Each structure stands twice: as C-alpha cells, then as structure tokens.
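Please examine the sequence and the structure before reading each solution.

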Amino acid sequence: MISLTILSIAGIVVMLMHLPQWTSIARWTAVIATIISLFSIRFDSIFTLPTIEITRSGNLWAGLILGLLALILLLIPNRNATHPLKNDHIALLLFATVGAVLLTRFDHVVTLILGLEMVSIPLYVLAAQTHSPRSHEASLKYFILGAFSSAILTFGIALWYRSTGVLTIPGPIATDLIGRSGIVLMLAAMCFKVGLVPFHYWVPDVYEGTPTSFTAYMASIAKVAAFAALFKVATLLPTSDWTSLAMGFGGASILLGSLAAIRQTSVKRMLAYSSIAQAGFWILLLTGGQFSVYFGFAYATASILLLWIVDLVESSTRSHTLTGLMQKNQVLGAIAIMALVSLTGIPPFSGFYAKYSSLFVMMDRGYFWAVGIGLLGSAMGAYYYLKNIAHIVAPPETDYKIDVPVTSVIASVLAVGVMILFGLAPLF
Amino acid sequence: MAELVDALGSGSSESNLVWVRVPLSAPTIIIKMSTLYLPIGIVFLVALSFVLISLLASHFLGPHRNSLVKDAPFECGIESKDSARVRFSIKYFLIAILFVLFDVEVVFFYPWAVNFQELGLRGLLEIASFMGCVLVGLIYINQNKVLNFEGRNVPR
Amino acid sequence: MPVFFGIIATTIILSGLGVILSKRPVYSILSLIICLYAMGALYLTLHAEFLAIVHLIVYAGAIMVLFLFVIMLMNLDRPEHLNRSRLLQWSALAVGISLVLVIGSTLYTPSGPWVVAPMGSVHAIGRLLFSKFIVPFELSAVLFLAAIVGVVITAKVPHPEGDTE
C-alpha cells in the first residue's frame, strides 16, 4: 500500500504543476516518486489491508511495472510529432500505474474491476491526445470495446458469484456450468485487455492511432498488469480446462499475429501485430510465476525501446518507418537492432530465454503441436523482425535529423544492458 | 444465505433492523415496507399531482383564441426556418460531465453521514482524505479555467 | 406486495418499450428516465436502499442529463441522422433474448425460496465501505481525479501556438 500511496500523491502533485515550464520538474518528480515506490514495494507487507493481497509473485510483477514506468518516464520525448508533453499526461500515466500495481495485488473482485478501470480510463484519454481523426478513432474504438469488455467482466463475475457465493480471488474452483461460464467470460474480458486473438481487433488501429509515446505505455505496462490479473483469475478454473483454453488462445494468437505482421509496412502496425503474437507466447506459460514476469520484462523493455525510437523518428519525418536510421544516428540504430533481435528471440538477449521457457512449458506438458506452432511463429517472427533490421541498415530515403536528450540515451543504454544481463543470467 | 451475507461482510449480522432474513413472501414485510415508504410515496404523489393539476388547470381555465398570425412563432421579422435545437459549445458538456463526477462523489458521503457517530475519528480521517482528492480536482479545474466562460483562455 | 410489484413491473416494461419504439431520441431518453425510476422502486422492495438512492441520483439524475446533452450536441434529434438498419435491429433482438435466457436460467434454483437480507441498507453499506472496502474507496478518489484530468485535457483542444496559457 505504501507504493500505491506514493504513486497517487506523486500523481496529484504532478497534476497541479500546470505551467508549461514546469513540465521537466513534473517529469523528474514522477521519476523520483516511481523509484521510491519501487524500493518501498518490499515494505508493503507491513500493513495488511482487506481486499489487498501481497504475495511474492505479486511483488515481482509490481517491481517490473514500476521499473518499466521509470524507463518510460525517462525516455518519453518532450515533444512528439504533433504536441508537447504536458504535466497532465505524466499525471495520467502515474494514475494508470496505480491501477496497474493494484492489479498485481487484488484479492477481491472490487479491486480487480477498479484496477482494470484505472489502467484503462487514462489510456482512453491518452489515445486521443494527437487530436487528429486517426487518434480520435483509436480512442473511441478503444473506449467502446473496453467498456464492452468491462461489462462482460462484470456479467461473468455475477454468474460466478451466483454459483459460488464468494467474491474473493483466489477463491474456490468453480465446478458447475454457471460458475465456469462466468469465469470464462471474465477471462474473455481479460484477454481483450491483453489483445489475444479472438479479441484482438482493436490492437492494430489503437496502437497506430495513439501518440507513439503512449503506445509504449499501452504495449508495456498496461499489458503486463493485465497479464498479472489474467493469470490470477485463471486459477479459478480447473488446471486442465485452463491449459486447453490457454493453448487455444495462444496458438491462434501466435499464428494470426505473425501472419498479419509479415504484411505490414508501418513499424507501429508491425509491432501491434507482433505484440499479439508475443501475447500468444506469454499465455502459453500458463501461470503468473517468475517465468511470466521474466517474459513480461523481456517483451516490454524491447517494445518500449523500439516505440521510443519510432517516436523520435516520427517527430522528424512524420512517417512510421525506420529506414536509414543507422546512418543518421548510430546509437539509436544499434539500440533498435538489439531490441528487434531480442524480440526475435536470439540468445544473448532476454527475449531468447522468454520464448524458450514458454516452449519448454508446452514441451514439459507434452503438447507437441503447441510447440510446433510456437516454432513456426518464431520462424515467421524472425522474418519480419529481421526485415526491419535490413531497413534500419539501408541508406536513408529522406534527410532528417534526430536530437536525443542525454538522459534518455543513458536510460536506454542501461535498459539494453539489463536486457543482456538478464538474458545471460539463466545460463549461470 | 449465510454465505451471501458473509461474502459482503460480517457487518450486517448484528443489524438492528426488524426484518432480518425474512422471506420476501411473508406478510409481516408488507406492513413494514408500506409504512416505511409511505411518506416517500406521498411526496411522489404530491409532486406528480402538482404537475398534472397545473397543466390541466391552465388548459381548462385559460381562454382559447387561435389564429394563424397568433400561432406564428414571430410577429415580425424573418420567418423561422430551422429546428430550435442547435449545436452548442463543448464547454456546457464539460460542465455536465464534471457535474456527474462530483455527483458520484457526493453519493459516497451519504453512507458516511448515516454512520457518522459509529465511525468516529477514523471515519472522519478516511472521508477527509477522500475530500482532499475532490478538492485537488476542484483546484485543477480552476487552474485550467474550465469554469471561465469569457476571455481567451476558454476551452473551445 | 404482488400489487406493488405488478405496478412497478408494468411501468418498467411499458417505459422500456417506449425507449426502443419511440421515433425521437429525446422521447427515448424520457422513457428511460421513467424506467430508471421504476427500477429504483424495485430496488426498494428488495431492501437495497442504497442502490435505489444511487440509481436515482446518479443514473436518473446525472447520466441521463449527459445523454440529453450528447443528443443535443450531436444533432441526433432528427430521424434521418439515425441508422436504423434491419440487421442491427434483429441482432439487438437476438442479444436481448439470449440475455433473458441466460439470466432466467441462473435464477432457477432447486433449493427453496429466495430471501432478502438487510445488507443493502445505507447503514450496512456505510459500515462496510469504511472498514473492509476502505482501499477501493480511497483509490476510487484517485480514479475520479484521473477522470477529471481526462475530461479537461480531451475537451481542451490546444491553441495553434501550442500552449494553454
């Protein structure tokens, strides 16, 4: 609870810094508050409050979320393609993160719903911040579908309550038809939030229309938090049911996401489809233990770095391609290549071990067809990620210049370092 | 049934209400209900009958003289062309939305006011921190000049 | 009691039909307000006083005002602006019927009659809200703040110079 309180107070303070020249102060306040609350996670268990459950894996998820938030806050450019960064945006990111941390430690459906709404509502608003028709379309699409999925979640909770008479999660495993269909409805709503295949239609349009700085948040923290909650809700189903459900979602997501990603020309749309495929690999891990946190770290860090670079290039060229980045700025080019290699799943980076562990889980349980789909998806992934690396190394088409603040470069190099460090850690 | 009550909390078991755990079909509940809500029902009836009576009275008591000129919307000037429902500025809508937000916040004060004595200092602190957030929201609205309707800083 | 229930249920059904059958959106909303009032009365008969009050204050009072505002802002109050395709109407009917079937099937219970617990009273809810559910209560204030910030920055289109001051 201490970390949540610090984040909320920081959000309130940042919200009131309304003058444009205070924006950098607001950013540093947010960064410092995030780091303080990151270190206060371990003291959260001092106070035990009802409707909040503090577990070890929940602390890991919360640590991941706060670390990613610090990275985003350090990287986010002062001005993206169309509008300046304002203190309101930083405050909304902090409020959304309060919800994300709440999703790692709920133990009652009230906190689950509240957490999901707290993550979603700021994002609906942030998606519209470019004030262009595309951005408005993205926001409206996200809002209507998100509201619909919240309604489905609530209906599922009602059915589950009808069958068990309990509102706490983890709770009794549902055995009758009504209870199980309630939990499946809840899981469907969560799968919408993470963008798994039958519920993925919003992902490409919303990712493309949203200002790129906030797409980075959407693709990382919102997804990590929703996965933390998804794995917790999934414990209400019998293991065999959950395994077959997860394999259905995962297999379909890997295939469809990879197939669609191959055909994209815009980097943002490619990342949107590839995030569907990555979510497919993620859900094959089946539980919210440390492997899932590791997967979240590997995927989210690489996505944040890539989208940050897309954002920087976009504000100079107004286009969503990375062609010729290597000649324009070698540091950014190298970071983008390393992030893409990590997403592909090639050994020195953490992306390799993440993909490997999800295939290992499937192998361990004896589902070889799921392993086959995973390998096929990895091969397709290698094709489209490496195609983008080829674009980065190619000569530039137009002349443009990129200025990067020093702090952002330091933060991104640190992030790449941690990515390699954690990629090598399982070997020792 | 015990599960149902336990799920929502233990607070309700020692309730001082008369009709604890009585089936809906029992006759006692009818008497309790109807006497309890009788004043509210009377208020509703009075409000409804005031509207109906004043409408009917003005219809029957007022003189009726209709003519083409009298029914025309203007006595002089340009003929009216369009619907009276025109699009209006977003700032009215902004105020409506902010009204909804503060309205929902007021809803939370009601259960606190009912339990004021019982909750004591702890309840006061809890509602005060909630109030603090509401106040910050109000300061923010003021900073952004949402409630200003004149001048160049009006949101469009 | 059956008389009360009969009056309330008839009101709900008639005003509900008014919502979906009337030609003008404003009339639909007025019928919806009547429907919400009747539902509030239904909550009262179930001893859910707090829910009834919230229903009247928030839904019939505030949300419906927003609905009216949206219709006036968008000039929806002309039949030609509305999309009334057959496919939409039939799919809405199908969704409605299946919802009734699902809810109806959950209401069927083999074990005795339903009973009403007094846990919906304002008193009981207040005690729960300030003890067991204190974390969601305080965090909902933060959610309200996020909503206020969101409303203000969405409605406030930046000036060409880029700054608001």
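Helices (H or I, at least four residues) and strands (E, at least two) are DSSP runs, numbered from the N terminus. The model is predicted: local features need pLDDT of at least 70, side-chain atom pairs count only at pLDDT 80 or more, and totals for chains, interfaces and linings use all residues. Residues are numbered from 1 along each chain as its sequence is written, and chains are lettered from A, ligands numbered from 1, in the order in which they are written.

**Exercise 1.** State in what order the elements of chain C run from the N terminus.

*Solution.* Begin with the count: chain C has 6 helices and 1 strand. Read from the N terminus, their order is α-α-α-α-β-α-α.

**Exercise 2.** Determine how the radius of gyration of chain A compares with the globule rule.

*Solution.* First, chain A contains 17 helices and 0 strands. Next, its radius of gyration (taken over C-alpha atoms) is set against the rule, 2.2 Å times the number of residues to the power 0.38. The radius is 20 Å, close to the 22 Å that the rule gives for 428 residues, so chain A is as compact as a globular protein of that length.

**Exercise 3.** Describe how the axes of α5 of chain B and α6 of chain C are arranged.

*Solution.* Axes are lines fitted to C-alpha atoms, for helices over the stretch in contact, with angles from 0 to 180 degrees between N-to-C directions. The axes of α5(B) (residues 116-143) and α6(C) (residues 134-155) come within 10 Å and cross at roughly 5°. Therefore α5(B) is roughly parallel (angles under 35 degrees) to α6(C).

Conventions. Parallel < 35°, antiparallel > 145°, perpendicular 65-115°, else oblique.
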